[in-house]
Amino acid sequence: MHFVGIDVSKKSLDTLWLRQANPRKVKTRVFQNRRGKEHEVAQWLLKQTGAEPSEIHVVLEATCIYHENLTYALHEAGLQVYVANPARTRDFAKSEGFSSKTDKLDSLCLALYVKEKHERLHKWQPEAPEIRQLRALGARLEALEKDRQREENRLEKAEFNQSSERVIASIQDM
């Protein structure tokens, strides 16, 4: 089995393959976190490890939306994907004596975490496309409702302060 930790941020995917645990040997690479480039991570891991996709266990933390495209790409490539709770991985890092925090150390800690815990972790499974689309539509509706409420608040304030008709008309147009 091969264990990989990926520290995900808005701009980058700091990837670390734990080649050997003791003595510790690793192979790292940083990828851009851009739509359409996620498959490069899976290709690199398959090439470096020389393993079957099902033998590669990858863990990453849930990071807002920035991990989602990568999880789908890794899963589609056949890798074993785990999305970890950041609080649990932080506790694991403390228990292992990690005191400093860099992207490379975070990815190392994630690789050690999946090596130690993979048998107890739940493998990530993609949602049905319909569920994913419904969730996106719900989020869009919520954003529109918030925008509408903000504009209503602005209109109330403008009318109370006796703002110009031009300002009030602009708010009403929105």
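This is a predicted model: local features need pLDDT of at least 70, side-chain atom pairs count only at pLDDT 80 or more; totals for chains, interfaces and linings use all residues.
User: Why are helix 3 and helix 4 called roughly perpendicular?
Analyst: The axes of helix 3 (residues 86–95) and helix 4 (residues 103–117) cross at roughly 95 degrees. That value falls in the 65 to 115 range, so helix 3 and helix 4 are roughly perpendicular to each other. Their axes come within 10 Å.

User: Which residues make the contact between helix 3 and helix 4?
Analyst: Helix 3 brings Arg88, Thr89, Phe92 and Ala93. Helix 4 brings Cys109, Leu110, Leu112, Tyr113, Glu116 and Lys117. By class, six of these residues are nonpolar, one is polar and three are charged.

User: How do you know that Glu61 and Thr89 make a polar contact?
Analyst: The cut-off for such a pair of N or O atoms is 3.5 Å. The side chains of Glu61 and Thr89 make theirs at 2.3 Å, within that cut-off.

User: Where is Glu61, and what else is it in contact with?
Analyst: Glu61 sits in strand 4 (residues 56–61). Beyond its neighbours within four places in sequence, Glu61 is in contact with Ile6, His67, Val83, Ala84, Pro86, Thr89 and Leu110.

User: What makes helix 5 and helix 6 roughly antiparallel?
Analyst: Angles over 145 degrees count as roughly antiparallel. The axes of helix 5 (residues 129–160) and helix 6 (residues 165–173) cross at roughly 165 degrees. Helix 5 and helix 6 are therefore roughly antiparallel to each other. Their axes come within 9 Å, and the crossing is left-handed.

User: Which residues meet there, in helix 5 and helix 6?
Analyst: Glu151, Arg154, Leu155, Ala158 and Glu159 in helix 5 meet Val167, Ile168, Ile171 and Gln172 in helix 6. Five residues of this contact are nonpolar, one is polar and three are charged.

User: Which residues does the "coiled-coil region" annotation cover, and what is the span made of?
Analyst: The unreviewed UniProt entry gives residues 134–161. The span is 96% helix and 0% strand, with its end C-alpha atoms 41 Å apart.

User: Where does UniProt place "domain: Transposase IS110-like N-terminal"?
Analyst: That unreviewed entry places the feature at residues 4–157. The span is 48% helix and 21% strand. Its end C-alpha atoms lie 54 Å apart.

Key. Residues are numbered from 1 along each chain as its sequence is written. Side-chain values use heavy atoms; hydrogens and water are left out. Axes are lines fitted to C-alpha atoms, for helices over the stretch in contact, and angles run from 0 to 180 degrees between N-to-C directions. Helices (H or I, at least four residues) and strands (E, at least two) are DSSP runs, numbered from the N terminus. Angles under 35 degrees count as roughly parallel, over 145 as roughly antiparallel, 65 to 115 as roughly perpendicular and the rest as oblique. A crossing is left-handed if the near helix is turned anticlockwise from the far one by less than a right angle, and right-handed if clockwise. Contact means heavy atoms within 4.5 Å. Ala, Val, Leu, Ile, Met, Phe, Trp, Tyr, Cys and Pro count as nonpolar, Asp, Glu, Lys and Arg as charged, and the others, Gly among them, as polar. UniProt positions are given in the numbering used here, feature names are shortened, and annotations may be inferred rather than shown by experiment. A polar contact is a pair of N or O atoms within 3.5 Å; within protein, one must be able to donate a hydrogen and the other to accept it, and residues adjacent in sequence count only if both atoms are side-chain atoms.
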